Amino acid sequence: MKRSQQRVVILQLIMALKENNSWCGETHIQKAAYCLQELMKVDTDFDFILYKHGPYSFDLCDELAAMRADELLAIKLNTFPYGPSLRVANLGKEMVERFPKTICQYKDRVDFIARKIGAKGVAQLERLATALYVTSKSEHDTVDERAKRIHDLKPHVSFDNAQIAVEEIDAMKRESANIV
Amino acid sequence: MAKTSHEIRDPIHVFIRLDSQERKVLDSRPFQRLRYIHQLALTYLLYPGATHRRFEHSLGVMELASRVFDIVTDPAKVSDAVKELFPPINSEDERRYWRRVLRMAALCHDIGHLPFSHAAEEELFPPGWDHERMTMELIQSDEMKEIWENARPPLSSEDIVKLALGPKKAKELQFDDWETMLSEIIVGDSFGVDRMDYLLRDSYHAGVAYGRFDHHRLIDTLRILPPPLYPYGNQLDNSKEPSLGVEKGGIHSAEALLLARYFMFTQVYCHHVRRIYDIHLKDFLIDWLGETKYPTDIDAFLKLTDNEITSDLRDACLDAERPGHIHADRIINRKHFKLLYTRNPTDFKINSDAANLVKEAAVKEYGEDKVRLDGYSKKGGITDFPVLSDDGKTVLSALQESQVLAKIPSVVVNYVFVDPNIRDEALRWFNKGKAQIITPQKEEQK
């Protein structure tokens, strides 16, 4: 994927997340991009590692910063206690309009992810994306084995919550099979 | 009786003290090599005072790292919730172990740098190698392992690698939350002491004031904090994973650090003449290496410093038959390429990829050897970190507390340089065809 197309997919994802009531903070975008790449096999070519609040890509983080610098994205500050969020700026919208083919190619997969996780908060996304990360490394392990692994990696995530997240990821995988 | 504590004079931190175990690292070949690696490559051609080396920077990073560690892991300054998630804080022995690992990691964080620091690793190292991987290899080399194993208590070389490189660069290693937080002390985006030291030190040696900030106050107010709690729907929903933040009283020092970074990048690190010298140096090194790449064998790697390259650069400048002569001549005789195009607000609103298009068009017009493209974009995400309010309990977001943070612009530069001999002609050509060159094209539908 060329860099311009990669940027268009990120913009498309942020717009779809917004439509599905996402807060669109950087963490929301990171986790959604991870799900898009790992679950929906959209080859955005970001390198994700397990880091703060689950899978995280420093490349994506740098790209979001570059997109802000290019005024494709803008930070929206919100009054306390609401955190900052990212929105697609006018130049970003113009860029999306110039790439109809790319938008069409990934629309179903982007919409699926946005629908599934758009309304989730940071803690839920942390659990869910970590569950996907653990599942991708040990697909054949049982739900309990994967939940234990999540709890070991992120001790602040309880075993019970980890279990729920693993089950949800398994369900999403089944449901997404028709689209991927 | 043998001396067990050693002091080194330093222009930034006054005294840097180290014990005999740390002295062994100082005396090792990989660390001594840093005496001959310039911190800012060829920047001394513009800022003549900027001849400082990675050696003193690494000592400074060690000094600051332990200052931060002592503050943020002081049990009196850590909440019960954080203590529960980070058990090492509760154990004197564990704290002592990790403090030592942190100082060793800080000492070693730059030992894998190529001559002239960052210049063009991708082209000069064999595929799959960069200075971080070289750093890892050196920390885990037999020579250094002997030091780690003979330390009391013995130190794990993997722990040192983790803290020296952080999760971003040591991707194949699994970090727990404690190790992630400790690595942030060295390489963290907001409060990493690597950055604190280089801003202070580079500005001191370059003779500019932009990099100065009140690091004493900042370090004194650093804390390990959970993220701020944001409401989500009807519930408070956020991760509980802690990270480095500040007490509210330190927020202005944090702003000053981030402004210092902005000014140093715009005024020093991204100065167009510094950038073009880096490119000429890279071109020289590619020719100088010929068919080969920089050695990754440890003995061969340790033999190469700025001194060997500088000597060959001067020889190549004097002898037209030597590889890299033309690039050496550009550096030594100050015949560097000149600016044809700089990214600017008007053009990037038309097309954010304008510089690239200008470069492609110029190459088509004048040939590859007459044109160079350069770009830098600030790395890292939205600068936000937890802030402990005056009540000592509520954790807020820095972006909401600060009137400044969100307004600090991102540093982005794009330059197109051309050979000085064609610059006037190239400027006329560009001004005539600019609109056509930078107008964006619509993706073709199939």
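Visitor: At what angle do α2(A) and helix α6 of chain A pack, and how far apart are their axes?

Guide: In this predicted model, the angle is about 30° and the axes are 10 Å apart. Helix α6 of chain A covers residues 122-137; helices (H or I, at least four residues) and strands (E, at least two) are DSSP runs, numbered from the N terminus. Axes are lines fitted to C-alpha atoms, for helices over the stretch in contact, and angles run from 0 to 180 degrees between N-to-C directions. Residues are numbered from 1 along each chain as its sequence is written, and chains are lettered from A and ligands numbered from 1 in the order in which they are written. Local features need pLDDT of at least 70, side-chain atom pairs count only at pLDDT 80 or more, totals for chains, interfaces and linings use all residues, and side-chain values use heavy atoms, with hydrogens and water left out.

Visitor: Why are α2(A) and α6(A) called roughly parallel?

Guide: Angles under 35 degrees count as roughly parallel, over 145 as roughly antiparallel, 65 to 115 as roughly perpendicular and the rest as oblique. The angle here is about 30°, and α2(A) and α6(A) are therefore roughly parallel to each other. Their crossing is left-handed (the near helix is turned anticlockwise from the far one by less than a right angle; clockwise would be right-handed).

Visitor: Which residues make the contact of α2(A) with α6(A)?

Guide: T27(A), H28(A), K31(A), Y34(A), C35(A) and E38(A) of α2(A) meet V122(A), L125(A), A129(A), L132(A), Y133(A) and S136(A) of α6(A), contact meaning heavy atoms within 4.5 Å. Seven of these residues are nonpolar, three polar and two charged (Ala, Val, Leu, Ile, Met, Phe, Trp, Tyr, Cys and Pro count as nonpolar, Asp, Glu, Lys and Arg as charged, and the others, Gly among them, as polar).

Visitor: What makes α1(A) oblique to α5(A)?

Guide: The axes of α1(A) and helix α5 (residues 100-117) of chain A come within 9 Å and cross at roughly 40°. That angle makes α1(A) oblique to α5(A). The crossing is right-handed. Among the residues in contact are V8(A) and L13(A) in α1(A), and Y106(A) and V110(A) in α5(A). By class, this contact has eleven nonpolar, three polar and two charged residues.

Visitor: What makes α11(B) oblique to α13(B)?

Guide: Helix α11 (residues 193-206) of chain B and helix α13 (residues 251-269) of chain B have axes that come within 11 Å and cross at roughly 50°. The result is that α11(B) is oblique to α13(B). Here α11(B) passes α13(B) in a left-handed crossing.

Visitor: How do you know that the peptide bond from R152(B) to P153(B) is cis?

Guide: Its omega is near -5°. P153(B) is found in the loop between α8 (142-150) and α9 (157-169) of chain B.

Visitor: Which residues line the largest cavity?

Guide: The lining includes L72(A), L91(A), M95(A), F348(B) and S352(B). The elements giving two or more residues to this lining are α4 (90-97) of chain A and α18 (345-350) of chain B. A cavity is a set of points on a 1 Å grid over the protein atoms alone where a 1.4 Å probe fits but cannot get out, and lining residues have an atom within 4 Å of a point. The lining divides into five nonpolar, two polar and three charged residues.

Notes. On a 1 Å grid over the protein atoms alone, a cavity is a set of points where a 1.4 Å probe fits but cannot get out, and a pocket is an open set with protein on both sides within 12 Å along at least five of seven lines; lining residues have an atom within 4 Å of a point.
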